[in-house]
Amino acid sequence: MTRKTFRARRLPAHGVESGWSALLAPRTPTPELDRTITVDIVIIGAGFAGLAAAVRLAHLDPRLSVAVIDADMVGNGASGRNSGFLIDLPHDISSGNFGVDGVTKSHNEILIARTAIQHYARLAEENGWDKDVFDPSGKYSVAMTDAGTEHLAAYSSKLNSLGEPHQVLGAEEIEDVTGTRSFKSGLFTPGAVMVQPAAVVRAIADLFPEPVRLFERTPALSIETSSSGCTVKTPKGVVRAARVILATNGHAESFGFGSGELLHVFTYASLTEPFPPSALGGSRKWGATPAAPMGTTIRRINGTDGDRLLIRSRYTYNPKIEVSAGSIKSASDLHDRKFADRFPEHRHLKMQYRWAGAMALTRNSVPLFGQVGPSIFAACACNGIGGTKSTAAGIAMAELLVGHRSQLGKIFSGFEKPQTLPPRPFTDVGARLNLAFREWRAGRE
């Protein structure tokens, strides 16, 4: 085999700390890699996908030696920056073709999501996670407008055809949950889970016994392949392995994989200062996604210092996989308006934390999954809903490498390859216009 080297053109730059991480006690990271080690498999990336792959590998073959390396501290990356929803149902089955192919696609998406949720449920039970970390509470979808209510009614109809339990809520019923009169209607689905995402990945990172080892603050600078396997070089060390799993989402492109196939998009979140629980009626803990795609997600969480509300809205295209302070400021202004629209009597609450998180999309909404180079395998490009999709991709990749057959693996192996994007100038303009149009179409939702 000809020796080939894939060098990282850039390293992850996550920006300001997320509110999820800020709420947790300081954590001592595992040591950086500072020597040469030899393992069976090296996993690059300790987020949802990479950690899931490591856990599944250890379960399927405890004899395998595995090294997991991450450029940052666990929880600082995209997996610790989302809204903390593990959603078991497709986001939008109310539109498009719902024939035989549509039903099959929906059932596959549900299996993918529920496999990931079962993975975390097992870890939660085995390790005694409390409901502040993993809460199988279900979730709500909420409508601000008549159009949103119509969308939820159509969604309810499709859930009925899939045989999925749910409850449609009127304005008073959703007010009893949220404590605000701003929503016209809601829809509850019982299978979703609310998590503290940074706490979840931290908890998993602290689980691994030998022969699985985690090295934080250890970026992969290059991957070299040869007839004897792969060599991953880091600033202070080297990992020699038979195979490499790339669990770096959009940063697969930094090594040249998925080049011209990945769209790099950021989402934004704001978290309020704590307030007394009695200051807002309704339930003290709930999460709600918008009736319309690209709308505003909300969560209410509680802690020892009081309750907080999280707002997530705004999507931007960022081909350099970095976000500017100006982008966060623009999203923050939008969040303040969205918050005031939903909680007008609490518009005085200040946002204590604001942050952004990256995701990777493909033109045909499929993952970058499978072998991408000599002895190099990718479980990347979650296309949104990363808590479940990325986790499932990591599980499926582990199963693929040890030859374990499952329906999950069959689904992932059956995905098409990511389609090539148009040349950069056209992709840049098209992506930005598409995101702006979809945000406009979501309106108040």
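Reply: A nonpolar core here is a set of buried Ala, Val, Leu, Ile, Met, Phe, Trp, Tyr and Cys residues joined through side-chain atoms within 4.5 Å. Keep in mind that this is a predicted model.

Start with the largest nonpolar core. This core has 49 residues. Ile43 and Ile204 make the most contacts inside it. Helix α2, residues 48-60, gives the largest share of this core, with eight residues. Now look at Ile204. Leaving aside residues up to four places away in sequence, Ile204 touches Leu51, Val55, Tyr120, Leu123 and Trp129. Another core, of 27 residues, lies apart from the largest one. Ile44, Ile69, Val232 and Leu246 are among the residues of this other core.

Next, take strand β11, residues 222-226. Five of its five residues are buried, so β11 is largely enclosed by the rest of the structure. Side chains in a regular strand alternate between the two faces of the sheet. In β11, Ser222, Glu224 and Ser226 point one way. Ile223 and Thr225 point the other way. All of these residues are buried.

Now the strands that pair with β11. Strand β1, residues 4-7, pairs with β11 in the antiparallel sense over four bridges. Arg7 stands opposite Ser222 of β11. Strand β12, residues 229-233, also pairs with β11 in the antiparallel sense, over five bridges. Glu224 has Thr231 of β12 as its bridge partner. β11 and β12 form a hairpin, with two residues between them.

Conventions. Residues numbered from 1 in each chain as written. Predicted model: local features only at pLDDT ≥ 70, side-chain atom pairs only at ≥ 80, totals over all residues. Heavy atoms only, no water. Buried < 20%, exposed > 50% of the residue type's maximum accessible area, 1.4 Å probe, protein only. Contact = heavy atoms within 4.5 Å. Pairing = 2+ DSSP bridges.
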